[in-house]
Amino acid sequence: MYISLAVGLALSQGSAQPQITIYNQGFALVKEVRTFQLRNGRQSISVEDVAQQIETNSVGIRSLSGGIEVLEQNYQYDLINPTAILNKAVGQQIKFHRVLPNGVKETVTGTLVSSPTAVVGNQQGGGSMTWNGMVIQTTDGRILLNPSGEIEVSSIPSGMISKPTLLWDLMAERAGATTVELSYLTRGMTWNADYVLLLEDESLAGLKGWVTLTNNSGATFENATLKLLAGDVNRPRPPATAGMRGGAAEARRQDLGFQEEALFEYHLYTLQRPATVRNNEIKQLSLLEASGLKYTKKLILDSLRNYGIYYPNEGEIGTGVLKPQVRVEFENTKANQMGMALPAGNVKVYQRDKSGSVQMLGEDRIQHTPRDEKVSLVVGQSFDVVAERKRLNFRQLGTRAFEQTFQIELRNRKEVPETVFVLERHYGDWSVGQTSLPFEKLDANTMQYVVNLKAGEVIKVTYTVTTRW
């Protein structure tokens, strides 16, 4: 049996509680403290149970006991599996066990000529393994192409290992136990935040935040100290290859869940308890929970938001029957039961119907949101509030100016009042002459009407704008 450790290799390797910092961009920083029994002089030691997707150029080694120098490092990842064993067995003698159509069992001895690929299928007598691409030249001169059955090899080819392993060639000044801090980056670990916003009534809501971890790094980390870093950390792209209120909610985050702190231009979330992160596992952890959160609902009619600069020869862009956008907004402040930096993630918005059942209203994604900032979520489009926008008049005023008249009719088909924020966008040097309602100029290109509609009311907003350039 192949052994990856050379004669005189350090054994009795121990590992303290690992620390993992997972980043938004799909990688993690792993730090472990391991103890090795070394002999004096030059030797090789094997460090097993590292992540299979380790970035070998990121490995950091620091002796906490002193007295060692690492001369060379190799990462061995040729793991034992049936296909890899057979690939290395090409040209060697093998035994092939199969069941013939008449039910007779046959054992064939021969040379493996071509490396196979395994395919599972169903045949008479149960499941069977077909080796596509496999060619066997038997000792009696026959050639078997893609036979079905079991392959037996004499031994595991040298150089193959059962676990990803770092092999260090080092010099030790003295014999005995040596404690080493090992750190490295690994791909295959990701995390993201997910939120559920439950609208409790017309003005209050509850927010629950979750962290979802995915570990496909090829390693399991037992009882690790878990940290999550939220922020846009710059890394060169590699070449392409194949129910609680305010203070109580804050205390819960610190005592049982994540504690947040500022780190450089990012935010770091540290889980206040050990966590086991297993390979090929998706894990969800509570991030925050708060209720009594004040929110507002806004209906926004922004007919030209996605059209860019408006030119008159574009005809009737932004006209016709339109549906106002529905937004839910709240302040991320301590006074509003929040005040925690929110990592980017998806937010699902729910509300209870009259029977008490929870219904989903919509979903949006937030970017990294600092404390004391507003969170604005697009939930969907209004059903019972309808708008119709028309261009009533267009008049050319020379070669570099024109005049237009617009009408926006707002119809509230609800049995309750509603407010609609109407945004109109113009470019160049523009000025509004006649207008049926007062408006606010938000910026160089945007004007806003705030229209309060009674139940069942219809209101028409009309204005004339002159544009020069």
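Modeller: Let us start with a pair of strands: β8, residues 105-114, runs antiparallel to β11, residues 135-138, and four bridges join the two. Please keep in mind throughout that this is a predicted model.

Biologist: How do you know that β8 and β11 are paired?

Modeller: Two strands count as paired if DSSP finds at least two bridges between them. Strand β8 and strand β11 are joined by four bridges, and therefore they meet that cut-off of at least two. At the level of residues, Thr 111 stands opposite Gln 137 in β11.

Biologist: Which strands make up the open sheet that holds this pair?

Modeller: The open sheet has five strands in the order β12-β11-β8-β7-β13, with antiparallel pairing. In general, the strands of a sheet pair through backbone hydrogen bonds, either parallel or antiparallel.

Biologist: What makes β12 and β13 the edge strands?

Modeller: Each of β12 and β13 pairs on one side only. Neighbouring strands of this sheet are turned against each other by 40 degrees on average, with direction ignored.

Biologist: Why is Asn 146 called partly exposed?

Modeller: The relative accessibility of Asn 146 is 35%. Buried means under 20% and exposed means over 50%, with partly exposed in between, so Asn 146 at 35% counts as partly exposed.

Biologist: Is Asn 280 buried or exposed?

Modeller: Asn 280 has a relative accessible area of 61%, and exposed means over 50%, so Asn 280 is exposed. Asn 280 lies in the loop between β21 (275-277) and β22, and its phi, near 55 degrees, is positive in a residue other than glycine.

Biologist: What is the order of the strands in the open sheet of three?

Modeller: The order is β4-β14-β6, and the pairing is antiparallel. Strands β4 (41-48) and β6 (68-76) are the edge strands, since each pairs on one side only, and the twist from one strand to the next averages 20 degrees.

Biologist: How do you know that β6 pairs with β14?

Modeller: Eight bridges join β6 to β14, residues 165-172, and the two run antiparallel. Pairing requires at least two bridges, and therefore β6 and β14, with eight, count as paired. Gln 76 stands opposite Thr 165 in β14.

Biologist: What are the pairings of β3?

Modeller: Strand β3, residues 27-38, pairs in the antiparallel sense with β2, residues 19-23, over four bridges, and Gln 19 stands opposite Lys 31 in β3. The hairpin of β2 and β3 has three residues between the strands, and Gly 26 takes a positive phi near 90 degrees there. Twelve bridges join β3 to β15, residues 176-187, again running antiparallel, and the bridge partner of Ala 28 in β15 is Thr 186.

Biologist: What makes the lining of the largest cavity nonpolar?

Modeller: The lining divides into eight nonpolar residues, no polar and no charged. Tyr 195, Leu 207, Phe 330, Leu 342, Val 347, Ile 366, Val 375 and Leu 377 line this cavity, and Tyr, Leu, Phe, Val and Ile count as nonpolar. The volume of the largest cavity is about 40 Å³.

Biologist: What does Arg 365 touch?

Modeller: Not counting residues up to four places away in sequence, Arg 365 touches Ala 344, Gly 345 and Asn 346. Arg 365 is found in β26, residues 358-366, and Arg 365 and Val 347 are 18 residues apart in sequence and 5.8 Å apart in space, C-alpha to C-alpha. At 44%, the relative accessible area of Arg 365 makes this residue partly exposed.

Biologist: Which residues are closest to the centre of the largest pocket?

Modeller: The largest pocket has a volume of about 650 Å³, and of the 23 residues that line it, Lys 297, Val 326, Gln 351, Lys 414 and Glu 418 are the closest to its centre. Strand β22 gives the largest share of the lining, five residues. The lining divides into eleven nonpolar, six polar and six charged residues.

Note on methods:
Residues are numbered from 1 along each chain as its sequence is written. This is a predicted model: local features need pLDDT of at least 70, side-chain atom pairs count only at pLDDT 80 or more; totals for chains, interfaces and linings use all residues. Side-chain values use heavy atoms; hydrogens and water are left out. On a 1 Å grid over the protein atoms alone, a cavity is a set of points where a 1.4 Å probe fits but cannot get out, and a pocket is an open set with protein on both sides within 12 Å along at least five of seven lines; lining residues have an atom within 4 Å of a point. Grid points are joined across faces, edges and corners, and a volume is the space filled by probe spheres set on the points. Axes are lines fitted to C-alpha atoms, for helices over the stretch in contact, and angles run from 0 to 180 degrees between N-to-C directions. Buried means under 20% relative accessible area, exposed over 50%, partly exposed in between (1.4 Å probe, protein chains only). Contact means heavy atoms within 4.5 Å.
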